[in-house]
Structure formats: C-alpha cells, structure tokens
Number of protein chains: 2
Amino acid sequence: MKNINHKILVLSGKGGVGKSTIAANLAVWLSARGKKVGLLDVDIHGPSIPKLLGLEQETVQGTGDKITPATYGRMLKVMSIGFLLRNENDALIWRGPMKHNIINNFVSNVSWDELDYLVVDCPPGTGDEPLSIAQLIPGIDGAVIVTTPQQLAVVDVKKCITFCRQLNLPVLGVIENMSGFVCPHCNRRVDIFREGGGRQMAGESNVPFLGGIPLDPEMVLACDSGRPFIAFNNQSITAQAMCSAFKPLLEVDTKIQIAKEAK
Amino acid sequence: MKNINHKILVLSGKGGVGKSTIAANLAVWLSARGKKVGLLDVDIHGPSIPKLLGLEQETVQGTGDKITPATYGRMLKVMSIGFLLRNENDALIWRGPMKHNIINNFVSNVSWDELDYLVVDCPPGTGDEPLSIAQLIPGIDGAVIVTTPQQLAVVDVKKCITFCRQLNLPVLGVIENMSGFVCPHCNRRVDIFREGGGRQMAGESNVPFLGGIPLDPEMVLACDSGRPFIAFNNQSITAQAMCSAFKPLLEVDTKIQIAKEAK
C-alpha cells in the first residue's frame, strides 16, 4: 500500500444507488487521464465490478503468496471476489470475520505495485466491509459518498457521513446519482427519484457537493453490457455530468484540505 | 415464535431494489385483509421501515426482558433498530457478531404474541443478517425475492436463490420491481432499468414469478412521506400490480408446496 499515492473509497449507506457504477467509471476515467489506477471491489456478496468492466470471464493468478490482479486496458488493475468464484450464481454465505480475512488478503497480498490512485468500491452500510477497509488501508485520502435524491436514500447515506466522521475519514464529496430523468420520447424532465436530496444533504453536513448525474437508460445498458459508460458514451450529457463530478478528485490533495477544514 | 402462523422473509442479493418498500406494503396489505401481522426490520445499518410507515418518532418500551413493538394501525406490529436510535443520523458501525445479537433479541424478546404473518425485511446480500434470521427463526415458510430487471441486479439476486437453496428455504416467488416506466407527460413507456430480467430469472431458476411492479414517481413520494403506497394510492396501476403480486402469498401454504416441488 505504501507505493499507492491516493486511496479513495466509494461509499454509500444505501444499496442500489450506483456506487459500483460510479467507482468503475471513476477508475476508467482516471486511467484514461494517464494515471496508474487500481480498482478494488470489496463487495463480497454482490461483486459488480467484473460485470461492469466486461471482465466476468477473467480469473486471477496466484504466485507464492501474491495475487496478480486482472487488468482493464493498460493502466487499470482490478481485484474482486468475483474473479475467485467458479460460477456467477455462487453465493458467499459468509459472516463478518471471513469477510475481514479476504479483504485483508486483497489489501496485503495483491500485487498492486505503484499506483497513482486506488479506488475502493464498498458494499452498502456501515458494517464489516467498510470498517475493515478503513482499518486495513493506511492513509486513505477520503471517501466519495454516493446517494440518490429521495429522502429514503438520503437518510441512510447520512449515516455514512457519520461513519466517516467517527473513523476520521475525510469526505471528499457527495455525488447525487439518478438525479432527474429526461423522457427520450418527449424530452420532458421527470424527477422520478425526486431531486436535490444529495445536494441538500451535502450542504447540511458541510461537505462538498461534487454534482448530480441524471438517470439514463443508456447507462443501465452500458452497465449490463460491460462497457464503462464514460469510455463509450463520452459525448452524452450524462457522461459530461459524470466527468464534471469526477474532476475535483484529480486534485484530491486540495479536496482533502477542504474536507479537513469543514470538520 | 411458536404463536406465529406464517413467517415470510423479503430478500434480495442487491440493495436499492425496493425490498423494504415491498416488505412494508406487503405487511400493510395483509393487515388490511384482517390478518394479524408483524413486520421485523433486520437492516441494522439502514433501517427504512420506520420512515416508510411514518413511524420515525416512535420509540419502543421494554418491560423486564420483553420489548413491546411499535404499531401501525390496529393489526400491524413493527420492530426496527430505527426505534432504538436517538438520532436518525446515528450509524451503527457494527461487525457481524453484534448484529447477530441484536437480531436474536428481536426474535426472542419482542412481544409479537399471536400473529398470522411475520414479514421480515432483510438487508441486501448473503451475510450475517439473513443468515442469522434463517438460523434463529424456526419454521420459515419461505422467501419473497425482489429484483429490478437489469442484469447487474439479476446477477446478484441469483446468488440469493442459491442462498435459499443452501439453507433449505423455499422460494415463494420473485417480484420484479421498477419494471418499466410510463412518462407522465407523454404516456409512453420507457424501460429505464430494462424489463423482463426478473421474470426470466424466475423461469431459469424454476421458482414462481409473482409479478412486475412499475417504476412510479408516486411510489417514491409515498415512501418519502411515510404513507404506504398500497393503502393511499390503491386505485393506481402500480398498486394493482402490487396487489396482484401479493395475492399468491395469502395462500402461502400452496406456495410452499409449489416451491418444494420445484426444488
């Protein structure tokens, strides 16, 4: 871990808000900017990263006590429990201590080598997985927190900010995903999951708001087909919104300063 | 637990698919049919049930070693870790063993008394919470599995069916939530999260398909305002779809038989 310059967690108190999608696209976007990037998926029960990057058929090699991660393109190294399952329907019916052990393995025994950025995709909640990561990875820069706009999500995601504060993790910013929808037939806007909840929460919690990303059926298709949206649809409004939310993370040192001042 | 006639788990391998919304509406719908119902929320990190039923201000009383659950209407008893938190932003940063203990408490020490149905809302994944519930509650009738249509969700939800099979839990059926969207401006359909993935998965896994429920901004509003959709919007197409998905669960004995035959 000492050869990794920046370590960013992608967190959410709530499932299904697009955490893994944001993590995968952030990693691809950083690597397209010439950064050496690692993407670590610590969702043990529902690892989505292999599917999101079209790497479902990948397996990883072990040499001695070291695991060589999978790769996406030339600059992005990827590790997920998904690479160790024989069948995609296999379920890991594991309690916390086993999850802690495998996460420890992913942190200590994967040959990440030198990286500019390690992006860690955590499962929802404030339980074993994010807790293990926060304890096992030294010098985390901070967390990007993903929410959707509706109150039902925001309530859970606020707990995530509490989690960061209790563990002294800077909050790099909040992304409001599925923020508004434009009907492809009539071009009129419908706020299916309401709007503004993420921005409002960021304000109330005194953490940076990175931006809103619209709900886009093309994004859903991109996820299902393993083609990271930001790489293949980069002219779309949705991709532009994503880029603009990611940009401040390139200046992560500044962000950390801002987050520290806000505390 | 021995005075509870039917015990139904609401499960999903994936977060954010509407598990808690389905569980809350199912419990309200059963109680509106004259059944004595209990609703147990075992999502420790993101308890949504209090908000969904407008019970955020409720607290629960302990007498000796017994906890009296909150109530919604006359027929529905509700228990959630949410009732024990002083502040809705409080996060329980708990590892598995502590979660197991509190779930054991909810199962053993809550005065459920006689119930026709206990509906248990589990958090996503195949980890401590659903595992504890499956081990602590004797004679579970089976699980209702909730998914959204897109492959990214279906992949995780299939793991949930594997979980049920490994633990000998009958699968009562699959509900495909957020299944299609009708634009309120132009009345044309957009399959935002694709469509048919839940039905297809049910077919492939040889478990019953209970039905699809459309994505409906009114449902999102109902959730955020604590007014269970099925009780307040019962003439809408979405509520009708929900009722039709729930109906087979009233004949849960038959469903169990079907699930057992399918195994």
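Student: Which strands of chain B does helix H9 (residues 237–250) lie across?

Tutor: Helix H9 of chain B lies across strand E7 (115–121), strand E8 (142–147), E9 and E12 of chain B. This is a predicted model, where local features need pLDDT of at least 70, side-chain atom pairs count only at pLDDT 80 or more, and totals for chains, interfaces and linings use all residues. Residues are numbered from 1 along each chain as its sequence is written, chains are lettered from A and ligands numbered from 1 in the order in which they are written, and side-chain values use heavy atoms, leaving out hydrogens and water.

Student: What makes E9 and E12 of chain B a pair?

Tutor: Two strands pair if DSSP finds at least two bridges between them. Strand E9 (residues 171–177) and E12 of chain B share four bridges, in the parallel sense, so they are called a pair. B:Glu176 stands opposite B:Gly212 in E12(B).

Student: Why are E5 and E12 of chain B called edge strands?

Tutor: The open sheet has eight strands in the order E5-E6-E2-E7-E1-E8-E9-E12 (chain B), with mixed pairing. Strand E5 (70–72) and strand E12 (209–213) each pair on one side only.

Student: How do you know whether A:Ile192 is buried or exposed?

Tutor: Buried means under 20% relative accessible area, exposed over 50%, and partly exposed in between (1.4 Å probe, protein chains only). A:Ile192 has 2%, so A:Ile192 is buried.

Student: Which residues does A:Ile192 touch?

Tutor: Contact means heavy atoms within 4.5 Å. Not counting residues up to four places away in sequence, A:Ile192 touches several, including A:Phe181, B:Ile192 and B:Val220.

Terms used: Helix = DSSP H or I, 4+ residues; strand = E, 2+ residues; numbered from the N terminus. Axes fitted to C-alpha atoms, helices over the stretch in contact; angles between N-to-C directions.
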